[in-house]
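Let's take a friendly walk through the nonpolar side chains and aromatic rings of this protein. Please have the model open as you read.

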Amino acid sequence: MNLSSEHCNISDWLRLEATVKASVYVVAFFFATFVTVVIITIVLQNLKLRKEIRYVLLCHHLLCVSSYCGLGVVFQGMRALLTNSPVLVCWVVFGVQLSVGEGILFTLALMAANAYLAVCWPLKSLSFVNSVKYRILAGSWVIIIFKNVCLFLIEGTKPTRVAVLKSEPLCPVILNDPLARVVGMVFLFSLLSIILISYSLIYREGKRAGHFNRSNIKAKQTVLIHLVQMSLHVIPTLIFIGLGKKCGVFFFALNLVLFGVFALAQCLNPLIFGLWNRELQSRLYPWMGCQLWCGHATSNREPV
């Protein structure tokens, strides 16, 4: 990345942006981690929940969200404080955060596919999914890590060894060249397609079987809520990729607005998934101290 320009000093904008982002990540990290710890504790204490694939995926998703926010604090903090870290260290921290972020979307895709199998193939899919759930999770991480390591080696071998080990005041990013962007977009749209197709098939099956009548309208609401959550993850990411890094008040403000939407989605994800699940609701309320506020909402909320 070019840190200087004829028209403006982009490094000043990047440092200011990193300071704001690090502060937001700190808040998101503590909130998301608190809710994540509560939900995982509840699941681990209940044998029935512990055996269900949807709760395994939920816990995995929440761990990815908390880890992503924590790594965001580290990377943006390194940029904001001008830590003079070696370029290789900056690349590794950023690459791990990017991989965890892709793990979030990959888990959402698995959750959508699992919801489709549970609704459309409930008898045939149960034993199969339970037998391969951990292998699928392991396979998803193999795909993510293999893809990013290959891109890392392709892009990281272009500079000399001296340049890679050189300290930089403002941590540069990696996986930012055209090849990495194209691969990232293909990966993003592939997972997005799985999610959209799964929920479309669930919706069609619900209408065909009469599930989306008044007695079971919660299933339709769940699909809509998950699609809104997904859009808050994906749309800011696409705009980030399209805009790139530019200096100026307008681009700075736009970048922070998009980041705020993205961070809010990450921060509220654990709480929304928890409160929208009937089996977790009664266990979550004492932890969250919201019995009075949520007393009217204890009915008919459960994932598809």
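## Helix naming and the surface patch

Helices here are DSSP runs of H or I with at least four residues, numbered from the N terminus. Keep in mind that this is a predicted model. Val 92 sits in helix α4. With a relative accessible area of 42%, Val 92 is partly exposed, because that class lies between 20% and 50%.

Together with Leu 88, Val 96 and Leu 165, Val 92 forms a nonpolar patch on the surface, with about 310 Å² of accessible area in total. Helix α4 contributes the most to the patch, namely three residues.

## The nonpolar cores

The largest nonpolar core has 36 residues, and among those touching the most other members are Ile 39, Leu 105 and Ile 195. Helices giving two or more residues to this core include α1 (10–44), α4 (87–120) and α7 (178–209). The largest share, eight residues, comes from α4.

Looking beyond four places in sequence, Leu 105 touches Leu 188, Leu 191, Ile 195 and Val 234. A second, separate core of 14 residues includes Val 164 and Cys 171.

## Aromatic pairs

How many aromatic pairs does the structure hold? There are seven. Trp 91 is buried at 9% relative accessible area, whereas Phe 152 is partly exposed at 21%.

Phe 106 and Phe 187 have ring centres 6.0 Å apart and planes at 50°, so their pair is tilted. Phe 106 belongs to helix α4 and Phe 187 to helix α7, so the pair ties together parts 81 residues apart in sequence.

Technical notes:
Residues are numbered from 1 along each chain as its sequence is written. This is a predicted model: local features need pLDDT of at least 70, side-chain atom pairs count only at pLDDT 80 or more; totals for chains, interfaces and linings use all residues. Side-chain values use heavy atoms; hydrogens and water are left out. A nonpolar core is a set of buried Ala, Val, Leu, Ile, Met, Phe, Trp, Tyr and Cys residues joined through side-chain atoms within 4.5 Å. Buried means under 20% relative accessible area, exposed over 50%, partly exposed in between (1.4 Å probe, protein chains only). Contact means heavy atoms within 4.5 Å. Patches are made of residues with over 30% relative accessible area and no salt bridge: like charges are joined within 9 Å, nonpolar side chains (Val, Leu, Ile, Met, Phe, Trp, Tyr) within 5 Å. Accessible areas come from the Shrake-Rupley method with a 1.4 Å probe; for residues, only the protein chains shown count as cover. A salt bridge is a side-chain nitrogen of Lys or Arg within 4 Å of a carboxyl oxygen of Asp or Glu. Rings of Phe, Tyr and Trp (its six-membered ring) pair if their centres lie within 6.5 Å; planes under 30 degrees apart count as stacked, over 60 as edge-to-face and the rest as tilted.
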